[in-house]
Amino acid sequence: MLELCKNVLSRVCFDRKLFARELAKSVRYLKGDELKQLHDWCLKQFSRRYRELIDKTFLQVGVA
């Protein structure tokens, strides 16, 4: 499931609204270590564009 989430986020990163929606879905689907891995991956891949969005989304689920 983690790889699917990464794939989807990579495909929608051109649009802020789509990225935010898919990131929120991904955070709901994943648990535990996969959630932490997604957080780290998102920061590595998209922090230039979406740092505040990533931080806000993961803060809501207690991953930071």
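## Phe46 and its ring partners

In this predicted model, Phe46 has a relative accessibility of 7% and therefore counts as buried, the limit being under 20%. The ring of Trp41 has its centre 5.4 Å from that of Phe46, and the two planes stand at 80°, so this pair is edge-to-face. Trp41 is buried as well, with a relative accessible area of 15%.

A search of the whole structure gives three aromatic pairs. In one of them, Phe19 and Phe46 have ring centres 4.9 Å apart and planes at 65°; this pair is edge-to-face because its angle is over 60°. Phe19 lies in helix H2 and Phe46 in helix H3 (residues 32–60), so the pair ties together parts that are 27 residues apart in sequence. Phe19 has 0% relative accessibility and so counts as buried. Through ring pairs, Phe19, Trp41, Phe46 and Tyr50 are linked into a cluster.

## Packing of H1 against H2

Two packed helices are described by the angle between their axes and the distance between the axes. For helix H1 (residues 2–12) and helix H2 (residues 16–29), the axes come within 9 Å and cross at roughly 170°. An angle over 145° counts as roughly antiparallel, and H1 and H2 are therefore roughly antiparallel to each other.

On the H1 side, the contact is made by Cys5, Val8, Leu9 and Val12. These residues meet Leu18, Phe19, Glu22, Leu23 and Ser26 in H2. By class, the contact of H1 with H2 has seven nonpolar residues, one polar and one charged.

Definitions and conventions: Residues are numbered from 1 along each chain as its sequence is written. This is a predicted model: local features need pLDDT of at least 70, side-chain atom pairs count only at pLDDT 80 or more; totals for chains, interfaces and linings use all residues. Side-chain values use heavy atoms; hydrogens and water are left out. Axes are lines fitted to C-alpha atoms, for helices over the stretch in contact, and angles run from 0 to 180 degrees between N-to-C directions. Helices (H or I, at least four residues) and strands (E, at least two) are DSSP runs, numbered from the N terminus. Angles under 35 degrees count as roughly parallel, over 145 as roughly antiparallel, 65 to 115 as roughly perpendicular and the rest as oblique. Contact means heavy atoms within 4.5 Å. Ala, Val, Leu, Ile, Met, Phe, Trp, Tyr, Cys and Pro count as nonpolar, Asp, Glu, Lys and Arg as charged, and the others, Gly among them, as polar. Rings of Phe, Tyr and Trp (its six-membered ring) pair if their centres lie within 6.5 Å; planes under 30 degrees apart count as stacked, over 60 as edge-to-face and the rest as tilted. Buried means under 20% relative accessible area, exposed over 50%, partly exposed in between (1.4 Å probe, protein chains only).
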